[in-house]
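This report goes through selected features of one protein model. The sequence and structure come first, and the notes follow.

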Amino acid sequence: MTPKFTFFFAVLISINSLGQDYRWQQRVEYTMNIKMNTENHRLNGDQKLVYYNNSPDTLTKVYYHLYFNAFQPGSMMDVRSRNLPDPDRRVMDRISKLKDDEIGYQHIQSLKQDGKALSYKIEGTIMEVTLVKPLLPNSKTIFDMSFEAQVPVQIRRSGRNNKEGISYSMTQWYPKIAEYDFQGWHAYQYVAREFHEVWGDFDVKITIDPKFVIAGTGNLQNPQEIGHGYQKSGTTVKVSSENLTWHFQAKNVIDFAWTADPDYTHDIQQVPNGPTLHFFYQKNEKTAVTWKNMEPVAVKVFQHLNEHFGKYPFDTYSVIQGGDGGMEYPMCTLIMGEGSQAGLNGVMAHEVSHSWYQMALASNESLYAWMDEGYTDFASEEAMNTIFNEPINHAGNYSSYFSLVASGLQEPASQHSDHFTTNRAYGTAAYSMGAVFLHQLKYIMGTDNFYTGMKRYYNTWKMRHPEPNDFLRVMEKTSNMQLHWYYRYWIQTTKRIDYGINLVVEKDGNTMIELQRVGEFPMPIDLLVKYKDGSEELIYIPLNEMMGSKPKENSTKRTELTSWPWVNPTYTLSFQTKVDKIESIEIDPSLRMADINRKNNKVVVAEISPYKDPTK
Ligand SMILES: [Zn+2]
């Protein structure tokens, strides 16, 4: 690079960074030494945490999550599960029946701040720590902790001996400091749903019986020393009879997860211009086929997401058999491994997509699960439907939403994840409504602007904690539209979209159409007019609240009319064509608007004759 170019580059960077209105965020550096006892399923850990207070506030307390404590009879997670009308089938009343040697716990043996002992109070899964020395803004402190933990029998996500016989699924397994951000502390008791975590670096050494293979977050630092071939596909070499210490590092991540099993097969695939992919699974007659078929699909999913949603920020990723379904972690996922080919592909694609929507764009999942699960679902469906040549219509998510509306159980998607009344309302709000939020936004902004915006959102907010407003501002700047109205209606209320065609009449040789906003939720309108001669015309009516209009999305002739004021229940348009030249008229032919009643969206002219002018 020439000096001239260097200068130019430096100027570009500084202008760009001045343009970002980032918030401060806390930072952590964990160094952990873990000794795993595979006889009694307990581990001893030393944890050094360098904690950076980048906030403008002086902190006198900090909070830690002790997630394993949730797996004890009578815990809030247990009580919550037994009181939900539709509990997760993996949990039900199983926690209430755990015996002493089956429960999970994290016991703190010592805790110091900069060498001085700290006092703390533990309630359930939250530990409140009073600092001996207040932590000033823009300063750091060091917490040294010793802890002992018992790995619970697997109930949910974390635990030992999962259904498919994976020995250890180690997630939410270490005392983890809670996130403090501009909204304050997020020291939520763990009742099973979502997370919000601090950005930072992990240096983790795990000492374990040599027959186990470890997979997880980060890069293995000592493959030669532990004798396990991370380099060669299909090899698991075990050389020692002494316990081995596996050393992992991960930089700029929000968490660290790992698994251990004696029977892992390890395959490797390379994504062109992307990360190295590792696959860890127990090989049997079925998985030998399904995992081998899934591996090239994973490569393609990474390629699709890199191209359309921004470049994956790490150099490795591991798909690991473990856990109890599919769960995302930084640089890896734990998934069940023995399902059908389609099921395995689907869960892999979903969890991989979380590397964008959660492991890079780390929104507070407890508050905005729709930005996590919904965006992930959206991206993975777009990737998979492209790979398998299927239409991209997100139809499944629309029907889940419609069915939730019909059930009467809908709650605003802005509800805190833990506090939805039913798992169904939470699940549909987070996954389906989140995905539909984006597909519908594509309808509002126009397809090209939408994808430009999605990439811009990623590049602007990756490795941070984006909020709804951060996303909306990027999309507003990209589309030159006001979009907050849409967010408010879709996420913060349960108001519904329903537009209909009221009237098609001929008057003085012209066709007059009256449209009606039946529901309370206002939207811009695409209206497709098909003529009997086979030609088509798209009538586009922007919503006035948008203060803008979307560009043409395809080659169909388009006519843009004056915008529809959101207070007006009806909108009348007329054009110089006799009614009998028209074949049909349809609101939203792309089916992207979540209109709860599509029966009134289309009129086939031959079915409504004879025409009468109601004004005569
Ligand atoms: Zn997910």
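Which side chains meet in a salt bridge at 3.6 Å, N to O? They are those of Glu-295 and Lys-292, where a salt bridge is a side-chain nitrogen of Lys or Arg within 4 Å of a carboxyl oxygen of Asp or Glu.

## Basis of the report

The model is predicted, so local features need pLDDT of at least 70 and side-chain atom pairs count only at pLDDT 80 or more, while totals for chains, interfaces and linings use all residues. Residues are numbered from 1 along each chain as its sequence is written, and side-chain values use heavy atoms, with hydrogens and water left out.

## Salt bridges

The whole structure contains 26 salt bridges. Glu-295 and Lys-292 both belong to helix α4 (residues 285-309) and are 3 residues apart, about one turn of the helix. Helices (H or I, at least four residues) and strands (E, at least two) are DSSP runs, numbered from the N terminus. Glu-295 is buried at 0% relative accessibility, whereas Lys-292 is partly exposed at 37%. Buried means under 20% relative accessible area, exposed over 50%, and partly exposed in between (1.4 Å probe, protein chains only).

A second bridge joins Glu-553 to Arg-592, with the closest N and O atoms 2.7 Å apart. Glu-553 is in the loop between β27 (536-541) and β28 (558-560) and Arg-592 in the loop between β30 (582-587) and β31 (602-604), so the pair ties together parts that are 39 residues apart in sequence. Glu-553 is partly exposed, with a relative accessible area of 27%, and Arg-592 is buried, with 9%. Arg-598 and Glu-586 form another bridge, at 3.3 Å from N to O. Here Arg-598 lies in the loop between β30 and β31 and Glu-586 in strand β30, so parts 12 residues apart in sequence are tied together. Arg-598 is partly exposed at 27% relative accessible area, while Glu-586 counts as buried at 17%. Asp-88, Arg-90, Arg-156 and Asp-324 are linked in a network of salt bridges.

## Lys-442

Lys-442 is in helix α8 (residues 423-445) and is buried, with 6% relative accessibility. Beyond its neighbours within four places in sequence, Lys-442 has contacts (heavy atoms within 4.5 Å) that include Glu-553 and Arg-592, the two partners of the 2.7 Å salt bridge. Phe-378, Glu-382 and Tyr-451 are also among the residues in contact with Lys-442. From Lys-442 to Tyr-499 the C-alpha to C-alpha distance is 18 Å, across 57 residues of sequence.

## Zinc site

Which protein residues are the donors of the zinc ion? They are His-350 (NE2), His-354 (NE2) and Glu-373 (OE), at 1.9 to 2.1 Å from the ion. Donors are N, O and S atoms within 2.8 Å of the metal (3.2 Å for Na, K and Ca); water is not among the atoms, so sites may look incomplete.

The donor residues have the sequence spacing H-x3-H-x18-E. His-354 lies in the loop between α5 (341-353) and α6 (369-387) and Glu-373 in helix α6, so this pair ties together parts that are 19 residues apart in sequence. His-354 and Glu-373 are both buried.

## Nonpolar core

The largest nonpolar core has 179 residues, and Phe-437 and Trp-490 touch the most other members. Such a core is a set of buried Ala, Val, Leu, Ile, Met, Phe, Trp, Tyr and Cys residues joined through side-chain atoms within 4.5 Å. Helix α8 gives the most to this core, with 13 residues. Domain 1 (383-492) and domain 2 (499-607) both contribute residues, so the core lies between them; domain bounds come from an automatic or database domain assignment.

Trp-490 is in contact with Phe-437 itself, and its other contacts outside four places in sequence include Tyr-401, Met-433, Ile-497 and Phe-521.

Gln-106 is in strand β4 (residues 105-113) and counts as buried at 1% relative accessibility. Its side chain reaches the backbone nitrogen of Tyr-67 at 3.1 Å, and a polar atom of that side chain lies 2.9 Å from the backbone oxygen of Trp-173. Gln-172 is among the residues that Gln-106 touches.

Gln-172 has a positive phi near 50° without being a glycine. Gln-172 lies in the loop between β10 (168-170) and β11 (176-177) and is buried at 3% relative accessibility. Ala-192, also not a glycine, has a positive phi of about 120°. Ala-192 is in the loop between β13 (184-185) and β14 (200-208) and counts as buried at 15%.

Methods
A polar contact is a pair of N or O atoms within 3.5 Å; within protein, one must be able to donate a hydrogen and the other to accept it, and residues adjacent in sequence count only if both atoms are side-chain atoms.
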